[in-house]
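Please read the following briefing alongside the sequence and the model. It is arranged by topic.

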Amino acid sequence: IFIGALSVWIAYNTFSVFWLLFLFGVPIILSTSKGVQIDLDKKQYRNYSSLFNKKSGRWKKYEDKTCLVVLSKDGKKTTLGTLGTATYETKDSFYELYLMSENHRSRFYLHSTKDKSELDSLLLKLTSNSKLKVKVYSPQ
């Protein structure tokens, strides 16, 4: 009888722990995200992590000589989902937008897309509101 009661108690508590983890874990997993922000007025940028829409990440300043560079790539691109839960892989041509130093030695990833018109509208938005210029990639 004791062993039977003990197994029922363990099963009940395991079930309760599972549901507690599920009830608290799922909202946390669903509300986490990562991204990139750029503040053109303050001339700063950052990678951020977000939990319940609260963004955190260290801002970094960029210099006046910083420019935007578009790299066109052919190949395979893999995107991981939140906490590595899902993967999306594509083989195609795509464009990557970077914020780069004057000598093009250091870069900060801003955006990636297969759609040239999406990239053009983003470039227009970034260049019209700031002194950032689009330059051809040429490391020195």
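Predicted model: local features only at pLDDT ≥ 70, side-chain atom pairs only at ≥ 80, totals over all residues.

Residues are numbered from 1 along each chain as its sequence is written, and side-chain values use heavy atoms, with hydrogens and water left out.

**Salt bridges**

- A search of the whole structure finds 2 salt bridges, the term standing for a side-chain nitrogen of Lys or Arg within 4 Å of a carboxyl oxygen of Asp or Glu.
- Lysine 73 pairs with glutamate 96, their closest N and O atoms being 2.8 Å apart, and this pair links distant parts of the chain, with lysine 73 in strand β5 (residues 67-80) and glutamate 96 in strand β6, 23 residues apart.
- Strands (E, at least two residues) and helices (H or I, at least four) are DSSP runs, numbered from the N terminus.
- Lysine 73 is partly exposed at 28% relative accessible area, whereas glutamate 96 is buried at 9%; buried means under 20%, exposed over 50% and partly exposed in between (1.4 Å probe, protein chains only).
- Aspartate 120 and lysine 116 form a salt bridge at 3.2 Å, N to O, and they are separated by about one helical turn because they lie 4 residues apart in helix α2 (residues 116-128).
- Aspartate 120 is partly exposed at 37% relative accessibility, and lysine 116 is partly exposed at 40%.

**Second largest pocket**

- The lining of the second largest pocket comprises 13 residues, of which Tyr45, Thr66, Met100, Ser101 and Ser106 lie nearest its centre.
- A pocket here is, on a 1 Å grid over the protein atoms alone, an open set of points where a 1.4 Å probe fits, with protein on both sides within 12 Å along at least five of seven lines, and lining residues have an atom within 4 Å of a point.
- Strands β6 (87-100) and β7 (107-113) each supply at least two residues of this lining.

**Tyrosine 98**

- Tyrosine 98 is placed in strand β6 and is buried, with a relative accessible area of 7%.
- Its C-alpha atom is separated by 5.4 Å from that of phenylalanine 108, 10 residues apart along the chain.

**Leucine 23**

- Leucine 23 belongs to helix α1 (residues 2-31) and is exposed, with a relative accessible area of 54%.
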